[in-house]
Amino acid sequence: MKVGILAAGSIAGTMARTLNGLHHPEVELYAVASRAQERADDFAQKYNVPHAYGSYEALVNDPEVDLIYIASPHSEHYEHAKLCLDHKKAILVEKAFTANAKQAAEILELSKKQNTLVAEAIWTRYMPSRAIIAHALKEGKIGVVHSIQANLGYPISHKERIAQPRLAGGALLDLGVYPINFAMMFFGHDLDQVTGSCIKSPLGVDFLDNICLTFRDGKMASLHATAFGPSDRNGIIYGEKGYIVVTNINNPEKVEIFDVNHQKIEELPLPMQVTGYEYQVLACLHALKQGKIECPEMPHQKTLEVMQVMDKLREQWGIRFPFE
């Protein structure tokens with residue numbers, strides 16, 4: 001599977017490092033494309049990429065490319081996904097999948113029409129830690145579960161992709177998407193209510209979010225995201241007999257189980273990884289081999305439902321992007 005990277009920013013660099021460190025006989029970092037040839041050349045030199053293109057059109061027109069990883073800003077995902085699908089290129093689209101659910105639905109429809117793989121690069125859905133945590137819950141390690149608390153924060157409010165409404169900025173699509181996925185991964189997608197409040201930036205995007213998801217079966221998730229500064233990034237799943245603490249929901253470093261008396265009773269082992277990005281790439285390889293157009297780890301319907309949650313929140317907050 002020859003992988004092309006669309007856009008040459010920092011997240012694209014992480015994917016390049018991952019592919020170089022994966023050493024998988026069937027996965028090859030093959031090409032990078034930027035809007036500027038010089039930028040593509042610099043990236044290719046830095047990460048040892050054989051082919052560098054100065055336009056996205058050149059990348060999608062290369063018959064050798066099997067999978068394109070879309071690493072552009074949220075505001076561009078829709079157009080870039082369309083461009084790839086029009087050329088029947090399988091895609092792995094960085095989260096948030098698109099700027100809104102309407103765009104997401106169109107891309108997923110096009111995936112069906114073109115019979116071409118589309119996957120969302122929400123890496124936590126593909127990681128082994130997800131199955132390890134789910135298994136512990138199923139085994140009843142903390143009894144009947146009732147609530148989740150999760151947060152994610154980084155000092156990134158100054159970054160253009162966060163600050164600019166035209167780039168679909170704000171904390172929600174960039175950071176809030178992780179606590180939302182954390183809650184829905186373990187409690188499911190059958191939501192009764194989505195509510196939240198935010199603090200907005202002078203330009204009118206959300207920089208600080210509090211989100212509450214209420215599930216039809218009576219469970220609840222309290223979620224927090226901020227672009228103002230660091231948070232502890234923890235996710236805690238509460239049950240009648242104890243709780244599970246996940247250190248760093250963005251890329252789990254530690255999973256600990258505590259009993260009703262707050263005594264640590266177990267730490268679940270997590271496998272070594274290249275960067276954590278490799279699991280979504282391998283899921284795409286597997287899906288392509290089987291002729292599938294979606295990955296079971298993050299099916300199209302679930303991608304759409306997460307986008308709908310974020311749409312609901314932005315509607316409550318009165319946040320619309322200029323291109324909507």
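By salt bridge I mean a side-chain nitrogen of Lys or Arg within 4 Å of a carboxyl oxygen of Asp or Glu. Arg216 sits in the loop between β9 (206-215) and β10 (220-226), while Asp192 belongs to strand β8 (residues 191-200), so the pair ties together parts that are 24 residues apart in sequence. Strands here are DSSP runs of E, at least two residues, and helices are runs of H or I, at least four, numbered from the N terminus.

A quick word on the model: it is predicted, so local features need pLDDT of at least 70 and side-chain atom pairs count only at pLDDT 80 or more, while totals for chains, interfaces and linings use all residues. Residues are numbered from 1 along each chain as its sequence is written, and side-chain values use heavy atoms, leaving out hydrogens and water.

How many salt bridges does a search of the whole structure find? There are 18.

Let me show you another, in helix α10 (residues 300-317), where Asp311 and Arg314 are three residues apart, about one helical turn. Their side chains meet at 3.6 Å, N to O. Is Arg314 buried or exposed? Arg314 is buried, at 3% relative accessibility, and Asp311 is partly exposed at 22%. Buried means under 20% relative accessible area, exposed over 50%, and partly exposed in between, using a 1.4 Å probe and protein chains only.

Finally, Glu256 pairs with Lys254 in a salt bridge, closest N and O atoms 3.9 Å apart. Glu256 is buried at 10%, and Lys254 is partly exposed at 32%.
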